[in-house]
Amino acid sequence: MASPDQDLAPALDKDGVRLTVEDTLATVTLTNPAKRNAQTPALWRALAEAGRLLPGSVRVVVLRGEGQSFSAGLDRRMFTPEGIPGEPTFVDLARRDDAGIDATIAEYQEAFTWWRRTDLVSIAAVQGHAIGAGFQLALGCDLRVVADDVQFAMRETSLGLVPDLTGTHPLVGLVGYARALEICVTGRFVGADEAVASGLANLAVPAADLDATVRDLAAALLAAPRDAVVETKALLRGAVDRTYDEQRSAERAAQARRLRDLAGLGE
């Protein structure tokens, strides 16, 4: 895939992650296509740093991967006894107490959590393989636009592990418990048509049109007033945890805030 952010000076460019910012739009690109954007703890730290570096002006963030695959999952070295130099191996991690394991995984998860911040709308542009950690990274975003060659798969259970990079909550929310269980336990591929039909993806397009489609979607999102988008996102995200009457009340409170702001009477 071409890189629409390649002409912008990067705010961050390290460990397989590049962040560029153009006014209200930020692009985070995975930049190791030779390894199908395989993920490492260093990449996760860089992704978390990218979230911290976003200027307050940014309203939409696009996440994309260079090359034929969005991300084929964990770097295979993490499964070897030698591991990745400077990083704990799975055996090292297993030898820690529960608190140590919890703290390490929580640090890894930071790369996957900030995409759903209320002040942002995030879009994952996904082509080719999005496996395991790659699938979960795409699930971290608010919206997913996929190429017609996309192949989602959750392979952790097949390896004797569980998905632990924040992907289980959005997956169940998108496709329901039964479908999520079947996808995770079988580790099978989910293609573009099923992804759209099941709610995993907002739309699918030919691979050659992916970047242009995402740019158009970002422009449409940016056309709406920021405060209204922030309130709407918060309202929708909270809906799953509220009763019908609680959601009605939340709608009224949010609308009251918007009306006061529009009338210049906000606090």
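I call a residue buried under 20% relative accessible area, exposed over 50%, and partly exposed in between (1.4 Å probe, protein chains only). I am working on a predicted model, where local features need pLDDT of at least 70, side-chain atom pairs count only at pLDDT 80 or more, and totals for chains, interfaces and linings use all residues. Residues are numbered from 1 along each chain as its sequence is written, and side-chain values use heavy atoms, with hydrogens and water left out.

**Entry 1: the sheet**

I took helices (H or I, at least four residues) and strands (E, at least two) as DSSP runs, numbered from the N terminus. Two strands pair if DSSP finds at least two bridges between them. I found an open sheet of seven strands with mixed pairing, in the order β1-β2-β3-β4-β5-β7-β9. Which strands stand at the edges? They are β1 (12–14) and β9 (203–205); each has a single partner strand, so one side of each lacks a neighbour in the sheet. Neighbouring strands here are turned by 20° against each other on average, direction ignored.

I then looked at β4 (residues 60–65) and β5 (residues 121–126), which pair in the parallel sense over four bridges. V60 stands opposite V121 in β5.

**Entry 2: helix α1**

I checked what α1 (residues 41–53) lies across: β1, β2 (17–22) and β3 (25–30). Contact here means heavy atoms within 4.5 Å. The helix runs at about 175° to β1. Axes are lines fitted to C-alpha atoms, for helices over the stretch in contact, and angles run from 0 to 180 degrees between N-to-C directions.

**Entry 3: aromatic rings**

I paired rings of Phe, Tyr and Trp (its six-membered ring) if their centres lie within 6.5 Å; planes under 30 degrees apart count as stacked, over 60 as edge-to-face and the rest as tilted. The count comes to five aromatic pairs. W44 and Y108 have ring centres 4.8 Å apart and planes at 55°, so this pair is tilted. W44 is in helix α1 and Y108 in helix α3 (residues 98–113), 64 residues apart. Are they buried or exposed? Both W44 and Y108 are buried.

F79 and F90 have ring centres 5.3 Å apart and planes at 85°, so I logged them as edge-to-face. F79 sits in the loop between β4 and α2 (90–94), F90 in helix α2. F79 is partly exposed at 32% relative accessible area. F90 counts as partly exposed too, at 30%.

I also noted a cluster: ring pairs link W44, Y108 and F112.
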